[in-house]
Amino acid sequence: HRDLHTAYRRQRQMCIRDRISTFPLVTIVIITINVVVFLLMLFQSATFKDPGLALNNFYLRYGLIPYQVTTGNYVVPSLRPAWLTVFTSMFLHGGFLHILGNMWYFWIFGNNVEDYLGAKRFIIFYLLSGVAASLTQVAIDPLSKVPIIGASGAIAGAMGAYFYLFPRSRVKTLVFLFIFFTFVEIPASFFLLVWFIMQLSSAFTSFGVAAGVAFWAHVGGFVFGFLAAMIIKKTKRNKGEIYYGY
């Protein structure tokens, strides 16, 4: 009877979504930092005669340029040593849609991963995901002189962890039906798998280069997050804990 009661309780809990047991402080702080940096960057560039040039110089200074990291040679006035840009680049964004999309994805998937890992471990996990994502892109194109910016690699790590930790969760997805838009609830595992396949296929084509998107960083971050979550879950002492996400 105890086993049946436990099975029933778990089955009932698995139907409950949108539940986290701790306040997602780290997730909110990371989102806030990204937004503040973006706004400060815009306001500062607006004080120059050519805001576009000022923004470009900002990206060149604090963005990750693979050539500078792999060779030690500096082609532009940049933050030194070059490896520091692995971290600074994670908090830069190229436009409103860029930061809006990244922060939205991070909020959806990051808070549940933070809930599972705990605040301190989540900070380390997030930074390591960003590093893994950046190094993947650098390894693929080590002599590129185009700066890499954005939090999407680190966020991809959170998505990879979510894919492993919460395979039964569901997410609301915007779907276009002819001339109408609607939200459809689909399994998170399906959504994330499709997303990953799209990143991987784009990474293997020239379209990814033409689009100016570091698709390999997305792939590297996702794979790192998935593997890290697998290791963490297997080493957790309390095997009976259940976590739910949305």
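Helices (H or I, at least four residues) and strands (E, at least two) are DSSP runs, numbered from the N terminus. The views below show a predicted model, in which local features need pLDDT of at least 70 and side-chain atom pairs count only at pLDDT 80 or more, whereas totals for chains, interfaces and linings use all residues. Residues are numbered from 1 along each chain as its sequence is written, and side-chain values use heavy atoms, with hydrogens and water left out.

**Figure 1. Overview of the protein chain, with 11 helices and two strands.** Along the sequence, these elements follow the pattern α-α-α-α-α-α-α-α-β-β-α-α-α. Of the 246 residues, 42% count as buried; buried means under 20% relative accessible area, exposed over 50%, and partly exposed in between (1.4 Å probe, protein chains only). The accessible surface comes to about 14,200 Å², and 69% of that surface belongs to carbon and sulfur atoms. Accessible areas come from the Shrake-Rupley method with a 1.4 Å probe, and for residues only the protein chains shown count as cover. Among contacts (heavy atoms within 4.5 Å) between residues at least 6 apart in sequence, 72% join residues at least 24 apart.

**Figure 2. Serine 134 in helix H7 (residues 119-140).** Serine 134 is buried, with a relative accessible area of 7%. Leaving aside residues up to four places away in sequence, Serine 134 touches Leu64 and Val86.

**Figure 3. The largest nonpolar core, with 45 residues.** A nonpolar core is a set of buried Ala, Val, Leu, Ile, Met, Phe, Trp, Tyr and Cys residues joined through side-chain atoms within 4.5 Å. The residues with the most contacts inside this core are Phe109, Val113, Phe122 and Tyr126. Two or more residues come from each of H2, helix H3 (51-62), H6, H7, H8, H9 and H11. H6 gives the largest share, eight residues. In soluble globular proteins, nonpolar side chains tend to be buried together.

Figure 4. Not counting residues up to four places away in sequence, tyrosine 126 touches Ile30, Asn34, Met90, Phe106, Ala151, Ala154 and Ile155. A second, separate core of eight residues includes Leu64, Val86, Val131 and Ala214.

**Figure 5. Helix H8 (residues 152-165), a mostly covered helix.** H8 has 14 residues and reaches 20 Å from its first C-alpha to its last, close to the 20 Å expected at 1.5 Å a residue. The expected span is 1.5 Å times one less than the number of residues. Of the 14 residues of H8, 12 are buried, among them Gly153, Ala154, Ile155, Met159 and Tyr162. The buried residues pack against helix H6 (96-117), H7, helix H9 (188-203) and H11.

**Figure 6. Isoleucine 232 in helix H11 (residues 215-235).** Isoleucine 232 is buried, with a relative accessible area of 17%. Beyond residues up to four places away in sequence, isoleucine 232 touches Tyr116, Leu117 and Arg121. Isoleucine 232 and tyrosine 116 are 116 residues apart in sequence and 9.8 Å apart in space, C-alpha to C-alpha.

**Figure 7. Isoleucine 33 in helix H2 (residues 25-46).** Isoleucine 33 is partly exposed, with a relative accessible area of 37%. Together with Phe23, Leu25 and Val29, Ile33 forms a nonpolar patch on the surface, with about 380 Å² of accessible area for the four together. Patches are made of residues with over 30% relative accessible area and no salt bridge, where like charges are joined within 9 Å and nonpolar side chains (Val, Leu, Ile, Met, Phe, Trp, Tyr) within 5 Å. A salt bridge is a side-chain nitrogen of Lys or Arg within 4 Å of a carboxyl oxygen of Asp or Glu.
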